[in-house]
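Visitor: Could you show me how to read a structure like this, feature by feature? I would like the general idea each time and then the case at hand.

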Amino acid sequence: MSDKKVIFSGVKPSGDLTLGNYLGAIKNWVDLQDEYDCYYCVVDMHAITVHQEPKDLRKRTLEILAQYIAAGIDPEKNTMFIQSHVSAHAELTWVLNSMSYMGQLNRMTQFKEKSKDNADNLNAGLFTYPVLMASDILLYQADLVPVGDDQKQHLELARDLAERFNNRYSPTFVVPEIYTSKVGSRIMGLQDPTSKMSKSGDNENDYILLIDSPKATEKKIKRAVTDSLNKVRYSDDQPGIKNLITIYSKMTGESVESIEAKYEGVGYGKFKSDVAEVVNEGLQPIRDEFERLMNNKDYLEDVYMNGANAAERVARKTLRKVYKKVGFIPRKFK
Ligand code: AQP
């Protein structure tokens, strides 16, 4: 057993990874992998709360795993796996569902938003999605969960459920903390900078995909909605420019103040083409490595197979404790 603190995080394969997923979550994961014992998962069970073509879901699940690795997450250092391969996630969800209050789930912003977009498929999975997310985290006794700002409310629920279980039975779960970065924890849409950039959005000009070509990336950034003030300033009155500054800052590590100073008196045209350049510079090695990995499916299979074996051992241990505490008779093996 290592003394390192534990991290759990994941992305659902409901679309290809966006720059929002990368800057809000995955880039942080890369920075954390040496210091923590990390579980990085492709959460395919979350994806089916919205209708998915089975063939596309399979393809995207593998692609996202490859993109994690291409982005710099090392399978030798981290446990990388596919959620549906470890059945304890579904099993703990049932127990936690039975301790989750409808009122609290009803208040989840993401559920309200997704309900609007999926009125014809308003399913129970969409409603209890945050409980599955709590199970993902609690199974591994995660201390820290590096996610974007949009997941704060779901993490609060995970904390509440951990505390509720610990109080009702006895200390069982670590109560996890959220980890978000100061800048870039919410990347906004390029066409609508008042809403977050989402991989399942309808307008492809609103998001940049990690696997977009350099040309497409440049085009999307050049078309990004700005304003008529013509000042490169990090201000809530200029949400489009603020978002582009955030992207520039996260891609380069340069501070917001230094970017504002550098572009004082410079027009939006030049600023946008520089943003496109830093994004392309940062993403190109990921795109190249992704291509290479997708031609090496055997390697990807090894990664997710070993990952599931390692994850399963930890998850089962937690689940056994939970089952015992709620009063289930342990199964006997002869
Ligand atoms: N725009 C964003 N800015 C910063 N972080 C973001 N994340 C998502 N969008 C942004 C973070 O990415 C991680 C994975 O998210 P997810 O796939 O589990 O679910 P999501 O938050 O619902 O992501 P999307 O892209 O918006 O997916 P769809 O469109 O399918 O709902 C999380 O850490 C999230 O915070």
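Guide: We will go through the ligand site, a strand pair, a helix and some backbone angles. This is a predicted model, in which local features need pLDDT of at least 70, side-chain atom pairs count only at pLDDT 80 or more, and totals for chains, interfaces and linings use all residues. Residues are numbered from 1 along each chain as its sequence is written, and side-chain values use heavy atoms, with hydrogens and water left out.

Visitor: How many residues surround the ligand, and which are the closest?

Guide: A residue is near a molecule or strand if one of its heavy atoms lies within 4 Å of it. Here 22 residues surround the ligand, and the closest are Ser 14, Lys 114, Asp 150, Lys 199 and Ser 200. By class, the shell has 5 nonpolar, 11 polar and 6 charged residues. For these classes, Ala, Val, Leu, Ile, Met, Phe, Trp, Tyr, Cys and Pro count as nonpolar, Asp, Glu, Lys and Arg as charged, and the others, Gly among them, as polar.

Visitor: Which polar backbone atom lies 2.7 Å from a nitrogen atom of the ligand?

Guide: A polar contact is a pair of N or O atoms within 3.5 Å; within protein, one must be able to donate a hydrogen and the other to accept it, and residues adjacent in sequence count only if both atoms are side-chain atoms. The backbone atom at 2.7 Å from a ligand nitrogen belongs to Ile 187. A ligand nitrogen is also 2.9 Å from a polar backbone atom of Met 197, and a ligand oxygen is 3.1 Å from an N or O atom in the side chain of Gln 151. The protein covers 98% of the 640 Å² of accessible area that the ligand has on its own, by the Shrake-Rupley method with a 1.4 Å probe.

Visitor: Which elements give two or more residues to that shell?

Guide: Helices (H or I, at least four residues) and strands (E, at least two) are DSSP runs, numbered from the N terminus. The elements are β1 (6-11), α1 (19-32) and α6 (109-117), and α1 gives the most, with 4 residues.

Visitor: Which strand is joined to β1, and how do the two run?

Guide: Two strands pair if DSSP finds at least two bridges between them. β1 is joined by 6 bridges to β2 (residues 37-42), and they run parallel. Phe 8 has Tyr 39 of β2 as its bridge partner, while Val 11 stands opposite Val 42. Buried means under 20% relative accessible area, exposed over 50%, partly exposed in between (1.4 Å probe, protein chains only). In β1, 5 of the 6 residues are buried; β2 is largely enclosed by the rest of the structure, because 5 of its 6 residues are buried.

Visitor: What span should helix α13 have?

Guide: The expected span is 1.5 Å times one less than the number of residues. The 30 residues of α13 (297-326) should therefore span 44 Å, and the end C-alpha atoms are 41 Å apart, which agrees. Among the buried residues of α13 are Leu 300, Val 303, Tyr 304 and Gly 307.
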